[in-house]
Amino acid sequence: MGGGRTSGRVDGLQGLLSVDAASGSGQPRLWQEAGKRVRALDERKVPHVLSHHITTTASTSRQDMSNEAAAAVADSANVEPAGLGVAQNLQRQLMTSGHERPEEDACPICFDLIELPMNKHSSMNVCCVKMVCDGCILAARQQGMNDRCPFCRTPIPDNDASNLVMLQKRVSKEDAEAIAYLGDSYYHGGLGLAKDVHRAIELWTEAAELGSMGAHYQLGRSYYYGDGVDEDQPRGIRHWQKAAKKGNVVE
(Lines give C-alpha, C1' and ligand atoms only; values in the text may rest on other atoms or scores of the structure.)
Protein backbone atom coordinates (compact mmCIF):
# COMPACT_ATOMS: atom_id res chain seq x y z
CA MET A 1 0.00 0.00 0.00
CA GLY A 2 2.83 2.31 0.77
CA GLY A 3 4.32 1.63 -2.64
CA GLY A 4 0.99 2.47 -4.32
CA ARG A 5 0.80 5.85 -2.62
CA THR A 6 4.38 6.63 -3.62
CA SER A 7 3.77 5.56 -7.15
CA GLY A 8 0.64 7.73 -7.32
CA ARG A 9 2.54 10.80 -6.11
CA VAL A 10 5.31 10.17 -8.63
CA ASP A 11 2.84 9.70 -11.43
CA GLY A 12 1.06 12.93 -10.44
CA LEU A 13 4.34 14.84 -10.28
CA GLN A 14 5.40 13.46 -13.63
CA GLY A 15 2.05 14.54 -15.01
CA LEU A 16 2.54 18.10 -13.78
CA LEU A 17 6.05 18.18 -15.17
CA SER A 18 4.92 16.81 -18.53
CA VAL A 19 4.43 19.16 -21.42
CA ASP A 20 0.83 20.18 -22.11
CA ALA A 21 0.59 19.19 -25.73
CA ALA A 22 -2.98 20.41 -26.07
CA SER A 23 -2.14 23.96 -25.08
CA GLY A 24 0.96 23.99 -27.22
CA SER A 25 2.65 26.23 -24.71
CA GLY A 26 5.62 23.96 -24.39
CA GLN A 27 5.74 24.69 -20.62
CA PRO A 28 5.52 22.06 -17.89
CA ARG A 29 2.09 21.94 -16.28
CA LEU A 30 3.69 22.61 -12.86
CA TRP A 31 4.90 25.96 -14.08
CA GLN A 32 1.50 26.74 -15.57
CA GLU A 33 -0.25 25.94 -12.30
CA ALA A 34 2.27 28.00 -10.36
CA GLY A 35 1.75 30.91 -12.73
CA LYS A 36 -2.02 30.74 -12.31
CA ARG A 37 -1.72 30.80 -8.55
CA VAL A 38 0.65 33.78 -8.62
CA ARG A 39 -1.66 35.70 -10.94
CA ALA A 40 -4.65 34.92 -8.75
CA LEU A 41 -2.74 36.13 -5.71
CA ASP A 42 -1.74 39.33 -7.51
CA GLU A 43 -5.33 39.95 -8.58
CA ARG A 44 -6.44 39.70 -4.97
CA LYS A 45 -3.67 42.06 -3.78
CA VAL A 46 -3.85 44.70 -6.52
CA PRO A 47 -7.24 46.16 -5.57
CA HIS A 48 -6.11 46.41 -1.96
CA VAL A 49 -2.81 48.02 -2.93
CA LEU A 50 -4.50 50.42 -5.33
CA SER A 51 -7.11 51.29 -2.74
CA HIS A 52 -4.42 51.92 -0.13
CA HIS A 53 -2.44 54.04 -2.61
CA ILE A 54 -5.50 56.09 -3.58
CA THR A 55 -6.51 56.57 0.05
CA THR A 56 -2.98 57.59 1.03
CA THR A 57 -2.70 59.98 -1.93
CA ALA A 58 -6.08 61.55 -1.15
CA SER A 59 -5.16 61.91 2.51
CA THR A 60 -1.82 63.48 1.59
CA SER A 61 -3.54 65.84 -0.83
CA ARG A 62 -6.05 66.87 1.82
CA GLN A 63 -3.21 67.40 4.29
CA ASP A 64 -1.28 69.47 1.75
CA MET A 65 -4.38 71.54 1.05
CA SER A 66 -4.94 72.00 4.78
CA ASN A 67 -1.34 73.08 5.24
CA GLU A 68 -1.63 75.53 2.35
CA ALA A 69 -4.87 76.91 3.76
CA ALA A 70 -3.32 77.29 7.20
CA ALA A 71 -0.31 79.03 5.68
CA ALA A 72 -2.60 81.37 3.75
CA VAL A 73 -4.51 82.24 6.93
CA ALA A 74 -1.23 82.84 8.78
CA ASP A 75 0.03 85.05 5.97
CA SER A 76 -3.18 87.05 5.95
CA ALA A 77 -2.93 87.47 9.71
CA ASN A 78 0.61 88.76 9.34
CA VAL A 79 -0.31 91.31 6.69
CA GLU A 80 -0.12 94.75 8.27
CA PRO A 81 -2.47 97.55 7.26
CA ALA A 82 -0.90 100.28 5.18
CA GLY A 83 1.19 102.55 7.36
CA LEU A 84 1.09 100.28 10.41
CA GLY A 85 4.46 98.71 9.62
CA VAL A 86 6.03 102.14 9.24
CA ALA A 87 4.58 103.27 12.57
CA GLN A 88 5.83 100.14 14.33
CA ASN A 89 9.31 100.55 12.85
CA LEU A 90 9.37 104.15 13.99
CA GLN A 91 8.28 103.13 17.47
CA ARG A 92 11.09 100.56 17.64
CA GLN A 93 13.61 103.18 16.51
CA LEU A 94 12.46 105.64 19.14
CA MET A 95 12.48 103.00 21.87
CA THR A 96 15.97 101.78 21.02
CA SER A 97 17.72 105.08 20.34
CA GLY A 98 18.70 108.11 22.38
CA HIS A 99 18.75 108.35 26.17
CA GLU A 100 16.01 107.94 28.71
CA ARG A 101 16.98 111.46 29.75
CA PRO A 102 19.63 113.44 27.86
CA GLU A 103 22.86 114.51 29.53
CA GLU A 104 21.71 118.12 29.26
CA ASP A 105 18.98 117.32 31.79
CA ALA A 106 21.55 116.66 34.51
CA CYS A 107 22.81 119.42 36.76
CA PRO A 108 26.46 120.16 35.80
CA ILE A 109 27.40 120.48 39.48
CA CYS A 110 25.81 117.49 41.26
CA PHE A 111 25.15 115.48 38.05
CA ASP A 112 21.67 114.54 39.26
CA LEU A 113 18.83 114.64 36.74
CA ILE A 114 16.78 117.77 37.22
CA GLU A 115 13.18 117.13 38.18
CA LEU A 116 10.55 117.78 35.52
CA PRO A 117 9.42 120.33 34.56
CA MET A 118 12.98 121.58 34.55
CA ASN A 119 12.15 125.30 34.40
CA LYS A 120 10.48 124.99 37.81
CA HIS A 121 13.37 123.18 39.47
CA SER A 122 16.42 124.88 37.96
CA SER A 123 17.73 128.14 36.56
CA MET A 124 20.03 129.06 33.68
CA ASN A 125 22.47 131.94 33.47
CA VAL A 126 23.50 133.35 30.09
CA CYS A 127 27.18 133.32 31.04
CA CYS A 128 27.51 129.55 30.50
CA VAL A 129 23.97 128.59 29.42
CA LYS A 130 23.92 125.72 31.94
CA MET A 131 20.82 124.56 33.79
CA VAL A 132 21.72 124.34 37.49
CA CYS A 133 19.34 122.61 39.90
CA ASP A 134 17.72 124.54 42.74
CA GLY A 135 19.62 122.48 45.31
CA CYS A 136 23.02 123.52 43.99
CA ILE A 137 21.87 127.13 43.66
CA LEU A 138 20.79 127.08 47.31
CA ALA A 139 24.10 125.52 48.36
CA ALA A 140 26.02 128.23 46.46
CA ARG A 141 24.02 130.99 48.15
CA GLN A 142 24.66 129.46 51.54
CA GLN A 143 28.36 129.76 50.73
CA GLY A 144 27.96 133.46 49.91
CA MET A 145 27.81 133.26 46.09
CA ASN A 146 24.68 135.33 45.70
CA ASP A 147 25.82 137.38 42.71
CA ARG A 148 27.82 134.77 40.82
CA CYS A 149 26.94 131.83 38.63
CA PRO A 150 27.20 128.71 40.83
CA PHE A 151 28.78 126.80 37.93
CA CYS A 152 31.27 129.10 36.16
CA ARG A 153 31.54 131.72 38.97
CA THR A 154 30.91 134.58 36.51
CA PRO A 155 29.26 137.67 38.05
CA ILE A 156 25.57 137.71 37.15
CA PRO A 157 24.45 140.92 35.37
CA ASP A 158 21.56 142.72 37.00
CA ASN A 159 19.92 144.06 33.82
CA ASP A 160 18.61 142.70 30.52
CA ALA A 161 21.01 144.69 28.34
CA SER A 162 24.08 143.20 30.03
CA ASN A 163 22.59 139.72 29.92
CA LEU A 164 21.89 140.12 26.20
CA VAL A 165 25.47 141.22 25.52
CA MET A 166 26.79 138.21 27.42
CA LEU A 167 24.44 135.89 25.55
CA GLN A 168 25.43 137.36 22.18
CA LYS A 169 29.05 136.47 22.90
CA ARG A 170 28.13 132.81 23.20
CA VAL A 171 25.91 133.02 20.12
CA SER A 172 28.86 134.37 18.12
CA LYS A 173 30.77 131.21 19.08
CA GLU A 174 27.96 129.08 17.60
CA ASP A 175 26.86 127.70 20.94
CA ALA A 176 23.71 125.76 19.97
CA GLU A 177 22.01 126.20 23.34
CA ALA A 178 22.80 129.91 23.45
CA ILE A 179 21.28 130.35 19.98
CA ALA A 180 18.19 128.40 21.02
CA TYR A 181 17.90 130.52 24.18
CA LEU A 182 18.11 133.69 22.12
CA GLY A 183 15.34 132.28 19.93
CA ASP A 184 13.24 131.70 23.06
CA SER A 185 13.91 135.29 24.09
CA TYR A 186 12.67 136.61 20.73
CA TYR A 187 9.59 134.37 20.89
CA HIS A 188 8.59 135.49 24.39
CA GLY A 189 9.98 139.02 24.16
CA GLY A 190 12.55 138.45 26.90
CA LEU A 191 15.85 140.20 27.70
CA GLY A 192 14.33 143.48 26.60
CA LEU A 193 13.75 142.23 23.03
CA ALA A 194 10.61 142.93 21.03
CA LYS A 195 8.63 139.79 20.35
CA ASP A 196 9.55 138.42 16.91
CA VAL A 197 8.31 134.91 16.12
CA HIS A 198 9.90 134.82 12.66
CA ARG A 199 13.31 135.71 14.10
CA ALA A 200 12.81 133.08 16.78
CA ILE A 201 12.17 130.41 14.15
CA GLU A 202 15.30 131.46 12.25
CA LEU A 203 17.38 131.08 15.41
CA TRP A 204 15.77 127.75 16.34
CA THR A 205 16.51 126.45 12.85
CA GLU A 206 20.16 127.44 13.20
CA ALA A 207 20.37 125.89 16.67
CA ALA A 208 18.68 122.69 15.48
CA GLU A 209 21.25 122.33 12.71
CA LEU A 210 23.93 122.56 15.40
CA GLY A 211 22.23 119.78 17.38
CA SER A 212 20.01 121.57 19.89
CA MET A 213 17.33 119.23 21.16
CA GLY A 214 15.21 122.07 22.53
CA ALA A 215 15.30 123.89 19.19
CA HIS A 216 13.97 120.79 17.41
CA TYR A 217 11.12 120.65 19.89
CA GLN A 218 10.24 124.32 19.39
CA LEU A 219 10.34 123.94 15.61
CA GLY A 220 8.13 120.87 15.85
CA ARG A 221 5.53 122.83 17.78
CA SER A 222 5.73 125.82 15.42
CA TYR A 223 5.31 123.79 12.22
CA TYR A 224 2.74 121.38 13.61
CA TYR A 225 0.42 124.15 14.81
CA GLY A 226 1.36 126.75 12.21
CA ASP A 227 2.70 129.17 14.82
CA GLY A 228 4.61 131.86 12.92
CA VAL A 229 4.97 129.63 9.83
CA ASP A 230 2.67 127.87 7.40
CA GLU A 231 1.23 124.77 9.04
CA ASP A 232 3.21 121.69 8.03
CA GLN A 233 2.40 118.83 10.38
CA PRO A 234 4.69 116.22 8.77
CA ARG A 235 7.61 118.63 9.10
CA GLY A 236 6.66 119.37 12.68
CA ILE A 237 6.53 115.66 13.49
CA ARG A 238 9.97 115.15 11.96
CA HIS A 239 11.41 117.79 14.30
CA TRP A 240 9.70 116.15 17.28
CA GLN A 241 11.12 112.79 16.24
CA LYS A 242 14.63 114.23 16.14
CA ALA A 243 14.12 115.76 19.57
CA ALA A 244 12.79 112.46 20.92
CA LYS A 245 15.75 110.50 19.54
CA LYS A 246 18.05 112.89 21.37
CA GLY A 247 16.19 112.13 24.60
CA ASN A 248 13.69 114.98 24.87
CA VAL A 249 10.80 113.85 27.08
CA VAL A 250 8.62 116.97 26.89
CA GLU A 251 6.63 115.95 23.81
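Modeller: Buried means under 20% relative accessible area, exposed over 50%, and partly exposed in between, with a 1.4 Å probe and protein chains only. This is a predicted model, in which local features need pLDDT of at least 70 and side-chain atom pairs count only at pLDDT 80 or more, while totals for chains, interfaces and linings use all residues. Residues are numbered from 1 along each chain as its sequence is written, and side-chain values use heavy atoms, without hydrogens and water.

Biologist: What pattern does the chain follow, read along the sequence?

Modeller: The chain holds 9 helices and 2 strands, these being DSSP runs numbered from the N terminus (helices H or I, at least four residues; strands E, at least two). Read along the sequence, their order is α-α-α-β-β-α-α-α-α-α-α.

Biologist: What share of the contacts with a separation of 6 or more comes from residues 24 or more positions apart?

Modeller: Of the chain's 251 residues, 26% count as buried. Among contacts (heavy atoms within 4.5 Å) with a separation of 6 or more, the part due to residues 24 or more positions apart is 38%.

Biologist: Are H5 and H6 roughly parallel or oblique to each other?

Modeller: Helix H5 covers residues 160–172, and its axis comes within 8 Å of that of H6, crossing at roughly 135°; axes are lines fitted to C-alpha atoms over the stretch in contact, with angles from 0 to 180 degrees between N-to-C directions. H5 supplies Leu164, Leu167, Gln168, Arg170 and Val171 to the contact, and H6 supplies Ala178, Ile179, Tyr181 and Leu182. Angles under 35 degrees count as roughly parallel, over 145 as roughly antiparallel, 65 to 115 as roughly perpendicular and the rest as oblique. The two helices are therefore oblique.

Biologist: Which backbone nitrogen does the side chain of Ser212 reach?

Modeller: Ser212 sits in the loop between H7 and helix H8 (213–225), and its relative accessibility of 0% makes Ser212 buried. Not counting residues up to four places away in sequence, Ser212 touches Ala176, Glu177, Ala180 and Ala207. At 3.2 Å, its side chain reaches the backbone nitrogen of Ala215.

Biologist: How far does the backbone oxygen of Met118 lie from a polar atom of the side chain of Ser122?

Modeller: Ser122 belongs to strand S1 (residues 122–125), where Ser122 is buried at a relative accessible area of 6%. Residues up to four places away in sequence aside, Ser122 touches Ile114, Met131, Val132, Cys133 and Asp134. From the backbone oxygen of Met118 to a polar atom of the Ser122 side chain, the distance is 2.7 Å.

Biologist: Is Tyr225 buried or exposed, and how far apart in space are Tyr225 and Gly236, C-alpha to C-alpha?

Modeller: Tyr225 lies in helix H8, and a relative accessible area of 56% makes Tyr225 exposed. Leaving aside neighbours within four places in sequence, Tyr225 is in contact with Glu231 and Trp240. Tyr225 and Gly236 are 11 residues apart in sequence, and their C-alpha to C-alpha distance is 8.1 Å.

Technical notes. A polar contact is a pair of N or O atoms within 3.5 Å; within protein, one must be able to donate a hydrogen and the other to accept it, and residues adjacent in sequence count only if both atoms are side-chain atoms.
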